[in-house]
Amino acid sequence: DFRKFKVVIPPSHIQQEWGNVAEPMVELCCNLIDKNHNLRRTRDLLLPKLLSGDLDVSKLDIKTA
């Protein structure tokens, strides 16, 4: 039961400073999660078409090893 635990709450100015440090990191994480979601969706849409030959990529200027 968490009500039995004592919790130390820092003063409001320290909470504010931590919020200023943590907020950009949280925002970056959210943006990266959104970008990964978009990349997965794009992959899931394109990969079947590439494998089936529905998309012609022969004329693309792609350098391969």
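These notes go through the predicted model point by point, from the overall form of the chain to single residues.

1. Overall form. The protein chain has one helix and zero strands. Its radius of gyration is 24 Å, whereas the globule rule gives 11 Å for 65 residues, and the chain is therefore more spread out than a compact globule. When the C-alpha trace is laid along its principal axes, the spans come to about 65 × 30 × 20 Å.

2. Surface and burial. Of the 65 residues in the protein chain, buried ones make up 2%. The accessible surface amounts to about 6,800 Å², and carbon and sulfur atoms account for 62% of that area.

3. Charges. The protein chain carries 10 positive and 9 negative charges, and the mean position of the positive charges lies 6 Å from the mean position of the negative ones.

4. The helix and A22. Helix α1 covers residues 12-52, and A22 is found within that helix. A22 counts as buried because its relative accessible area is 13%, which falls under the 20% cut-off for burial. Between A22 and R41 there are 29 Å in space, taken from C-alpha to C-alpha, for a separation of 19 residues in sequence.

5. The cysteines. A reader who looks for disulfides will find zero of them in the structure. For C29, the closest cysteine sulfur is that of C30, and at 6.9 Å it is too far away for a bond; a disulfide would call for two cysteine sulfur atoms within 2.5 Å.

6. The aromatic pair. One aromatic pair is present in the structure. The pair is formed by F2 and F5, whose ring centres are 5.9 Å apart and whose planes meet at 45°, so the arrangement counts as tilted; planes under 30 degrees apart would have counted as stacked, and planes over 60 as edge-to-face. Both F2 and F5 are exposed.

Definitions and conventions: Residues are numbered from 1 along each chain as its sequence is written. This is a predicted model: local features need pLDDT of at least 70, side-chain atom pairs count only at pLDDT 80 or more; totals for chains, interfaces and linings use all residues. Side-chain values use heavy atoms; hydrogens and water are left out. Helices (H or I, at least four residues) and strands (E, at least two) are DSSP runs, numbered from the N terminus. The radius of gyration is taken over C-alpha atoms; the globule rule is 2.2 Å times the number of residues to the power 0.38. Buried means under 20% relative accessible area, exposed over 50%, partly exposed in between (1.4 Å probe, protein chains only). Accessible areas come from the Shrake-Rupley method with a 1.4 Å probe; for residues, only the protein chains shown count as cover. Lys and Arg count as positive and Asp and Glu as negative; His and the chain ends are not counted. The place of a charge is taken as NZ of Lys, CZ of Arg, CG of Asp or CD of Glu. Rings of Phe, Tyr and Trp (its six-membered ring) pair if their centres lie within 6.5 Å; planes under 30 degrees apart count as stacked, over 60 as edge-to-face and the rest as tilted.
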